[in-house]
Amino acid sequence: MTVEWSVLLVEDDDMVRSWVRMSLTGTEFRLAAEASSGAVVAELVERRSPDLLLLDYRLPDGTGTELLRELRHSGVTIPAVLMTANAVPGLNEEIREAGGQGSVLKSGRVDELLYALRTAIVGERSFDVRHPTRHVGRGALTPREREVLRLVAGGATNREIAGELSVGDETVKTLLARTFAKLGVRRRAEAVAAAYDRGLL
Amino acid sequence: MNAIERPRRPEDVDDFVERLASELAHELRTPLTAIVGFAELLRTRPEDEEVRREAPVFIQRAAEELLAKLDNLLC
């Protein structure tokens, strides 16, 4: 291959990292670097100057879209494709909002991975249609998520929500992250505004 | 697998089921897709020495992970 594009892979599962590396052998792509969490990615982008980012969605230190938002905020403009094991409702919208160019399900199919990378590297978008479109109606939120939103709207802190619902702090964080993702927002105030707009509160 | 708290009230059951299904799917799909992915590499790139050497090892490891996860679920 005469043209060679370098890819920075961020994926916590070493089997998946190995599969991606072997899948790219003999193609126009090569791995510039691999990381198992988001913590070192900004530094790797600076040091290795990759042409493309391939990010797992579920990372040990946050989500791939959170990582991408931070990278975009710090001026990183190279194309980014997000990978997930499961179809996630609203994920394509979440990736677009974070500044990503594509999504690909970890199906084990080399052609699907290469299609997503080839589309992104030429500046186009490729979102896997198996991720259901974001629901914005009342039914999109579970009763507990609506309850969390109601408490957020009342000004409750995470600790107060945990106490009110008799759950742990981590559960509150998870519930908030899922609710924000379903509503397509990043902050508590935006979540409350979106919930009122859509008649969820 | 991330810990999921058991529902304490009837109205929390839907939320519990949604989270449990999502976690289970993620846990089972990861080794399954590794098996599918490395098997495909073995089928389509048998001339690649690294694939011939490494893919069977990863397939066995993923299958054993899957078995262990299922055993944990059923115990």
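In chain A, the centres of domain 1 and domain 2, taken over C-alpha atoms, are separated by 28 Å. Domain 1 runs over 5–121 and domain 2 over 138–197, bounds that come from an automatic or database domain assignment. Please keep in mind that this is a predicted model, in which local features need pLDDT of at least 70 and side-chain atom pairs count only at pLDDT 80 or more, while totals for chains, interfaces and linings use all residues. Residues are numbered from 1 along each chain as its sequence is written, and chains are lettered from A, with ligands numbered from 1, in the order in which they are written.

The axes of α6(A) and α9(A), the latter covering residues 188–197, come within 10 Å and cross at roughly 115°; axes here are lines fitted to C-alpha atoms, for helices over the stretch in contact, with angles from 0 to 180 degrees between N-to-C directions. That makes α6(A) roughly perpendicular to α9(A), given that 65 to 115 degrees counts as roughly perpendicular, under 35 as roughly parallel, over 145 as roughly antiparallel and the rest as oblique. On the side of α6(A), the contact is made by Leu149(A), Val152(A) and Ala153(A), and on the side of α9(A) by Arg188(A), Ala191(A), Val192(A) and Ala195(A), where contact asks that C-beta atoms, placed from the backbone, lie within 7 Å.

In chain B, α1 (residues 13–44) and α2 (residues 49–74) pack at an angle of about 155°, with their axes 9 Å apart, and α1(B) and α2(B) are therefore roughly antiparallel to each other.

How many residues does each chain bring to the contact between A and B? Chain A gives 23 residues and chain B gives 26 residues. On the side of chain A, α1 (14–24) and α6 (143–153) each supply at least two residues, and the largest share, 6 residues, comes from α1(A).

Finally, consider Glu28(A), found in the loop between α1 and β2 (29–35) of chain A. Is Glu28(A) counted as buried, exposed or partly exposed? It has 14 C-beta neighbours inside 10 Å and therefore counts as partly exposed, since buried asks for 20 or more other C-beta atoms within 10 Å, exposed for 12 or fewer, and partly exposed lies in between. Glu28(A) and Arg118(A) are 90 residues apart in sequence, yet 9.1 Å apart in space, C-alpha to C-alpha.

Notes. Two residues are in contact if their C-beta atoms, placed from the backbone, lie within 7 Å. Helices (H or I, at least four residues) and strands (E, at least two) are DSSP runs, numbered from the N terminus.
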